[in-house]
Amino acid sequence: GQVVYSIAEETERGASVGNIAKDLGIDAATLSARKFRMITGSSKQYFNINASTGALSVNEPIDREQLCELKSACLLNFELVLENPLELYRMEFKVLDINDNSPSFPLSEYHINVPEFLSPGARFTLPNAQDLDEGTNSVQNYTLSPDEHFHLEMQTHGDGSKYPELVLKKALDREQQATHRLVLTAKDGGDPPKSGDVPVIVTVLDTNDNAPEFEHSVYRASILENSPSGTLVVQVHATDLDEGPNGEVRYSFSNTTSADLQRMFLIHPHTGEVTVNGILAVQRPLLEMLIEARDNGAFGMSSTAKLLVEITDVNNHGPEITITSLSSPVPEDAVPGTVIALLSITDKDPGENGKVTCQIPDNLPFKIKPSLENYYSLVTSGLLDRELISGYNVTVTATDLGSPPITTQKTLWVQISDVNDNPPVFNADTFDVFVEENNPLGAFLYQVSASDPDMGENGRVSYVLRNSTVAGSALASLLSVSLANGSIYAKRAFDFEQLRSFYFQVEAKDHGSPALSAAITVNVYISDQNDNAPAILYPTSQNGSVAVEIVPRLADEDYLVTKVVADDEDNAQNAWLSYHLAHSSDSTLFRLAPHSGELRTTRSMRSTDFLKHKVVVVVRDHGDPPLSSTVTVGILLADTLPQALPDFDDSGEPPPLLNATNIYLIVSLACVSCIFAVFLLFLAIVRL
């Protein structure tokens with residue numbers, strides 16, 4: 001069997017749909033016993049069946065637009081399965097649409113460009129709205145916000161669907177209104193109806209329908225007859241209500257303006273600035289020109305304005321400065337009043353306009369003095385120093401007495417030549433140099449440097465050693481200096497033990513005439529290297545023999561046998577000495593203090609101790625690498641001084657009791673004794 005139900009979308013959870021037991025003629029009491037179940041291909045369980053009553057209810061609200069999207073009919077198919085006996089029933093649910101979606105447009109706003117020259121009746125397609133609902137709940141009509149230039153008309157496609165069009169009902173004028181903002185509204189047929197709208201922005205494109213207009217029909221200006229090229233006369237301005245190229249204005253002189261005036265003046269095509277171009281060689285006091293303003297439209301429109309320029313007569317000749325004579329360079333030791341240059345200054349204007357005053361800046365060591373008629377002398381007024389300023393730009397300013405006055409300037413370059421007035425200068429009076437002893441021959445020690453602000457030969461510095469002696473030797477035998485760069489080199493190796501420090505002077509001399517010089521004192525400090533091994537002062541040996549110390553036969557523990565005394569000619573840690581016991585004939589009998597060098601007994605002497613012993617002591621310094629010396633001490637155990645000292649050249653150790661020879665002797669003696677005993681036993685037996 002099959003049963004069909006209709007249900008509106010978005011029906012709330014628990015709402016009753018029907019009674020499946022009644023509709024299919026099934027006893028509701030047997031549903032549980034027959035293990036009923038609903039089978040569907042949907043991922044969600046939208047409906048529930050009450051096992052006791054067979055009532056069919058909504059388990060989850062249904063969104064028709066999500067479930068079926070744009071399908072005109074939305075159906076859900078379920079199967080009800082019963083066992084004992086096995087039965088299969090089909091259930092079909094038709095989901096009915098409700099008006100739960102508003103119309104919407106794909107874009108947030110739409111733009112339409114409309115040329116202003118279009119005539120009424122021009123049409124423009126508008127966007128369609130979308131509504132997920134179906135039937136009467138979908139989009140039914142469109143409306144447009146009121147506007148005097150546009151209205152809305154509906155058109156029909158070949159498939160019968162309708163779409164909106166924007167129709168121009170009144171001609172546009174961009175200069176009055178460049179943009180029109182409309183609102184397109186779409187409504188559906190639901191109850192209550194829903195709507196959606198979108199802004200439609202209409203931009204009016206320009207047409208060249210306006211000519212440029214000047215701010216004034218007549219422009220007036222006044223300039224001086226000696227105005228230089230580039231002087232601004234006036235700036236004209238015209239406006240064009242069009243936009244883009246149609247509103248861009250270019251300025252030019254009209255063809256009716258004479259060619260002489262067009263050469264005499266320039267007009268900027270974009271800014272409208274009229275400037276002087278060259279000399280205003282005219283006799284008329286008033287000049288008249290026509291200026292044209294034209295736009296850049298396809299068919300350029302233009303207008304004209306009149307320009308009247310009044311030329312004012314002025315003092316138009318300035319002073320002329322001529323350098324008659326110039327002495328440059330000038331020695332920096334020139335005395336005040338030395339003549340540097342002779343100038344001729346004239347003005348072609350007559351009367352007061354031709355009278356000239358002349359001056360130079362006050363901050364220069366020069367002054368200008370009138371000489372003959374129209375002539376002026378430039379002389380020094382102070383001391384010159386090339387090292388401070390090597391040259392001067394002297395600007396001579398000549399001004400006439402016209403109204404307004406005209407000023408002319410001419411610049412003279414006065415170079416200052418060098419004089420040897422500065423000795424070489426070191427950065428310091430003394431300098432300390434540290435060098436290790438045993439340096440290689442020719443080792444670089446230090447580079448002295450002196451500066452001389454003079455130039456050329458006056459500033460070129462050479463270096464020499466001043467004669468002196470160091471530890472009885474001439475300085476030249478110890479050191480050499482580079483004549484050109486002041487580098488100091490060692491000519492022999494230094495010995496810290498003989499010479500720990502010395503000083504000398506380096507003289508720097510320029511090549512001027514006369515030459516100037518300066519000196520610097522260099523202190524040389526020689527640092528020590530570990531190049532001397534410790535020297536054993538006590539005990540000493542003569543002719544290679546071992547030094548002998550006599551110790552009482554029964555000396556007590558910690559008895560001072562001897563004290564090793566050593567010295568090291570090196571310095572600091574290279575001369576720090578330590579004492580070590582390298583060898584002892586009896587290591588349990590003697591010990592050596594590592595810092596004092598005292599050799600003492602470690603225990604009391606015994607009668608069983610050997611009478612002579614030999615000890616080797618190593619004295620080591622703390623240099624890097626360390627150096628060492630050794631001394632061998634022979635120790636004789638005796639209570640009195642013997643008449644002759646024993647020989648300590650052997651090891652001083654007693655011979656072992658069981659050496660190989662002794663063993664052979666003992667074995668032989670034992671064998672002979674056994675044989676003799678056996679022989680005696682044999683004789684006794686024979687006799688008995």
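Helices (H or I, at least four residues) and strands (E, at least two) are DSSP runs, numbered from the N terminus. The structure described here is a predicted model, in which local features need pLDDT of at least 70 and side-chain atom pairs count only at pLDDT 80 or more, while totals for chains, interfaces and linings use all residues. Residues are numbered from 1 along each chain as its sequence is written, and side-chain values use heavy atoms, with hydrogens and water left out.

The confidence of the predictor in each residue is given by pLDDT, on a scale from 0 to 100. The protein has a mean pLDDT of 84, and 96% of its residues reach 70 or more. Over residues 651-655 pLDDT stays under 50; for this stretch the model has six contacts beyond four places in sequence, a contact being heavy atoms within 4.5 Å.

Domain bounds were taken from an automatic or database domain assignment. The protein is divided into domain 1 (2-92), domain 2 (110-205), domain 3 (213-312), domain 4 (320-417), domain 5 (425-527) and domain 6 (535-637). Between the C-alpha centres of domain 3 and domain 5 the distance is 80 Å.

The UniProt record, an unreviewed entry, carries the annotation "domain: Cadherin" for residues 6-105, 106-214, 215-321, 322-426, 427-536 and 561-648. UniProt positions are given in the numbering used here, feature names are shortened, and annotations may be inferred rather than shown by experiment. In the model, residues 106-214 are 0% helix and 48% strand, with the end C-alpha atoms 48 Å apart. For residues 427-536 the content is 4% helix and 47% strand, and 49 Å separates the end C-alpha atoms. The unreviewed UniProt entry also lists a "transmembrane region" at residues 663-686. In the model this span is 100% helix and 0% strand, and its end C-alpha atoms lie 35 Å apart.

Two sheets are described next. Strands of a sheet pair through backbone hydrogen bonds, either parallel or antiparallel. Two strands are taken as paired if DSSP finds at least two bridges between them. Strand β24 is joined to the antiparallel strand β26 (residues 339-346) by six bridges. Ser 325 faces Leu 342 of β26.

A second open sheet has three strands in the order β45-β49-β48, and the pairing is antiparallel. Strands β45 and β48 stand at the edges with a single partner strand each, so one side of each has no neighbour in the sheet. The twist in this sheet averages 20° from one strand to the next. Three bridges connect β45 (residues 560-563) with β49 (residues 598-601), and Lys 563 has Glu 598 in β49 as its bridge partner. Strands β48 and β49 are likewise antiparallel and are joined by three bridges, with Leu 592 opposite Leu 599 in β49. The hairpin of β48 and β49 has five residues between the strands, and Gly 597 there takes a positive phi near 80°.

Ser 585 is placed in the loop between β47 (577-584) and β48 (590-592). Ser 585 counts as buried because its relative accessibility is 18%; buried means under 20% relative accessible area, exposed over 50%, and partly exposed in between (1.4 Å probe, protein chains only). Ser 585 and Gly 244 are 341 residues apart along the chain, and their C-alpha atoms are separated by 119 Å.

Most residues other than glycine have a negative phi, and most peptide bonds are trans. The peptide bond from Asn 84 to Pro 85 is cis, with omega near 0°, and Pro 85 lies in the loop between β6 (75-82) and β7 (87-96). Asp 191 and Pro 192 are also joined by a cis peptide bond, with omega about 0°; Pro 192 is in the loop between β13 (179-188) and β14 (195-205).

Positive phi values occur at Asn 438, near 65°, and at Asp 558, about 65°. Asn 438 belongs to the loop between β33 (430-436) and β34 (444-447) and is partly exposed, with a relative accessible area of 38%. Asp 558 is located in the loop between β44 (547-551) and β45, and at 34% relative accessibility Asp 558 counts as partly exposed.

Conventions
Axes fitted to C-alpha atoms, helices over the stretch in contact; angles between N-to-C directions.
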